[in-house]
Amino acid sequence: MSRLQSKADAALRAPSPLFDRPAAPGGIFTSNRGFLRALGVLCVVLLVVLPFMDASRYTMSVATSALIYVMFAMGLNVVVGYAGLLDLGYIAFFAVGAYVSGIFTTVLGWPMWAALPMTVLACILAGIIIGAPTLRLRSDYLAIVTLGFGEIIRITANNLKITGGPTGIHGIPTWSFGSWSFADGFTLFGIEFPQRVVFYYFVAAIVVLVGVIGAGRLAKGKMGRAWKAVRDDEDAAEAMGINTYIAKITAYIIGAVWAGVAGQLMATQLSAISPNSFQFLYSALILMAVVLGGMGSTPGVIIGALFVSLAPELLRDFSEWRFLIFGILLVVVMLFRPAGLWPSTAILPWLKKHRPVAPPTAGFMAVPSSASNEDLTTAEGEDAR
Amino acid sequence: MSTLLEVKDLRLQFGGVKAVDGLSFTVESEEILAVIGPNGAGKTSAFNCISGFYLPTSGKVVFDGKDIVRNAPGFWRSLRLVDLLQSFGFYRVLPSRVTKWGMARTFQNLRLFRELSVLDNVKTAMHANIREGFWATLLHTPGYRRAEAECAEQARGWLDFVGFEGDENLFVTQLPYGEQRRVEIARALATSPKLLLLDEPAAGLNFNEKQALMQLIRSIRDLGVAVVLIEHDMGLIMNLAERIVVLNYGKEIAVGTPDQIKNDPVVIEAYLGVEDEPLDPTKLQTGTVDLSLLDDGKKGKLS
């Protein structure tokens, strides 16, 4: 056997594949991916159409906060769903985003768009400050420490002067670009768009483009694979050349930024924030959205976030009993769908029998890479007969 | 042939237990070296030290001219901050760095990423070899698409190389055990190693699968990768290995070719024990007497 001495220095590369694989099926109903895309387009169309159906103050406000919840949940999905870091104090980053944007716009008088980079920077910093010491811990310990940090941020906001203490910050302006602000609204093709509709569209655009598509794309790339590897087996991930510490802190920072942007949007919508709006309850609720929907699954998390934000509205008639019914629903869902409503490993029911067939091979290492594929297919065909 | 890995006087202590106790051996480039030894001899502990998972108590591991064991300065030691610093990745070489230098490993119990598909498992191992920026990933630039396509092709190449014949989109947990072993080797190869550490690769494989594994390990070596394997299957080792290191009590007791090892009295002693002298009835008698004495003693204490 000849040894290839020259290969010792250059980085080892894989031999080229022995055979062509059949292209993955496309189509809306023949592939998971196509179906999800079609579903996504349908959702975007629904989002665009909604104000034309009902542009009342109530509907717009509920829809906008539901969208902000989706953004928030997608951020937590990066931390909990992809990287597997249980975070019980995620509201901290939401608070950081809301307070930083609130302080920059009211105290310093910056326009909202200029506060956005500041929010992102502050969230990156907060992610590093909270993440750097805690991410050496695993599972339960991490959950406890993040729970503590979530409370620390709230209590700090409660006691600082610049954050307005217990009364919080009032009169946060809406987004304005130059002389035009959302409050002016605008008219297009004779249709008048009031402030709430413009803001709704703005939030929808950010949530769809950055929140959902952005997070989904990050999860599919190199970093996303590293996150999932860390979640599944940290030691094996480390052995595969992934610096798990960096992978975890990246997930944490991305999650922090997503939450911060959601916080800024929420601050704009409510125009007033106080430490009371950042209680532990919301961390738990948003974690519930992720776990209920299906950890690491984009459609699942969206469903979960919509459920968590809309259920209190739908159950308004039961006011006092709201959380009890909520709890019972949760128990039922967890009994019948323990991996979540739409798990990340889900295969569409009608695709289950269409599993791709194994590619043709001629046994282990029997065929040199130069062998033509025709030989293989004919040999396989004879076997089949 | 040059020395790829040099282990010198490696020691690893867990409290009072000396798991590795002065181990020294070398691995030449492009050779197949087997590490054998009775259970608990410290083979896996040594592997973990070499690949950076454990921090050895003392000793030297040089891989490809780079030191894997590092010492913190005495100042930090005096402040007892060494553990803290090392847990942050200072004054140690992280396993991920060792892998980037070109040492891949597999685990004794399969440790594949259970919720990733077969293809993604192998792609994950190419983490250090592909360049994808944050914005490129977010915007799906042509460079990103090219990197992903290249990554997928390489991963498929490795899967074909190890003879994986199943569906690459299946989750690894859906595969039979033998196939999972193949995927794990493909995953280790995808890190572009110069040295591959295999921890009991043949455990749980049937005869045919073992034959295929032997062929696979030879073809890995022919790519220019040195292979070090821990194994208990003597037949496989005697056929495959070019050199064998025998460990006992955390220390190498013999190094040599399979033929030398087979006839080495020290090795035979470690595995089978010393041959007793023919049974002597008087000795047997004293044995029983000793036992009864012990019994009496216990009774005495109890009463």
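User: In this predicted model, what makes chain A and chain B count as touching?

Analyst: Two residues are in contact if their C-beta atoms lie within 7 Å. By that test, 42 residues of chain A are in contact with 54 residues of chain B.

User: Which helices of chain A supply at least two residues each to the side that touches chain B, and which gives the most?

Analyst: The helices α6 (195-220), α7 (222-232) and α8 (234-239) of chain A each supply at least two. With seven residues, α7(A) gives the most.

User: How do the residues of that side of chain A divide into nonpolar, polar and charged?

Analyst: There are 22 nonpolar, seven polar and 13 charged residues on the side of chain A that touches chain B. Gly is counted as polar here.

User: What makes a set of residues a nonpolar core, and which members of the largest one touch the most others?

Analyst: The members must be buried, of the listed nonpolar kinds, and joined through C-beta atoms within 7 Å. The largest such core has 179 residues, and Ala73(A) and Ala186(B) touch the most other members. Helix α9 (residues 244-270) of chain A provides the largest share of this core, 16 residues.

User: Why is this core said to lie between domain 1 and domain 2 of chain B?

Analyst: Both domain 1 (1-102 + 195-289) and domain 2 (110-192) of chain B give residues to this core, so it lies between them.

User: Which residues is Ala73(A) in contact with, leaving aside its neighbours within four places in sequence?

Analyst: Ala73(A) is in contact with Ile286(A), Ala289(A), Val290(A), Val301(A), Gly304(A) and Ala305(A). Helix α11 (residues 298-314) of chain A has Val301(A), Gly304(A) and Ala305(A) among its buried residues.

User: Where does α11(A) bend?

Analyst: The bend is about 30° and falls at Val308(A), with a proline, Pro312(A), following within four residues. The angle is taken between axes fitted to the seven residues ending there and the seven starting there.

User: What makes a residue of α11(A) buried, and what do the buried ones pack against?

Analyst: A residue is buried if 20 or more other C-beta atoms lie within 10 Å of its own. Phe307(A) and Val308(A) are among those that qualify in α11(A). The buried residues of this helix pack against α1 (32-53), α2 (57-82), α6 and α10 (280-293) of chain A. Over the 385 residues of chain A, 41% count as buried.

User: How far apart are the centres of the two domains of chain B, and how many residues are in contact between them?

Analyst: The centres are separated by 28 Å, taken over C-alpha atoms. In contact are 11 residues of domain 1 of chain B with 11 residues of domain 2 of chain B. The largest share of the domain 1 side, four residues, comes from α9(B).

Key. Residues are numbered from 1 along each chain as its sequence is written. Chains are lettered from A and ligands numbered from 1 in the order in which they are written. This is a predicted model: local features need pLDDT of at least 70, side-chain atom pairs count only at pLDDT 80 or more; totals for chains, interfaces and linings use all residues. A residue is buried if 20 or more other C-beta atoms lie within 10 Å of its own, exposed if 12 or fewer, and partly exposed in between; C-beta atoms are placed from the backbone. Domain bounds come from an automatic or database domain assignment. The expected span of a helix is 1.5 Å times one less than its number of residues.
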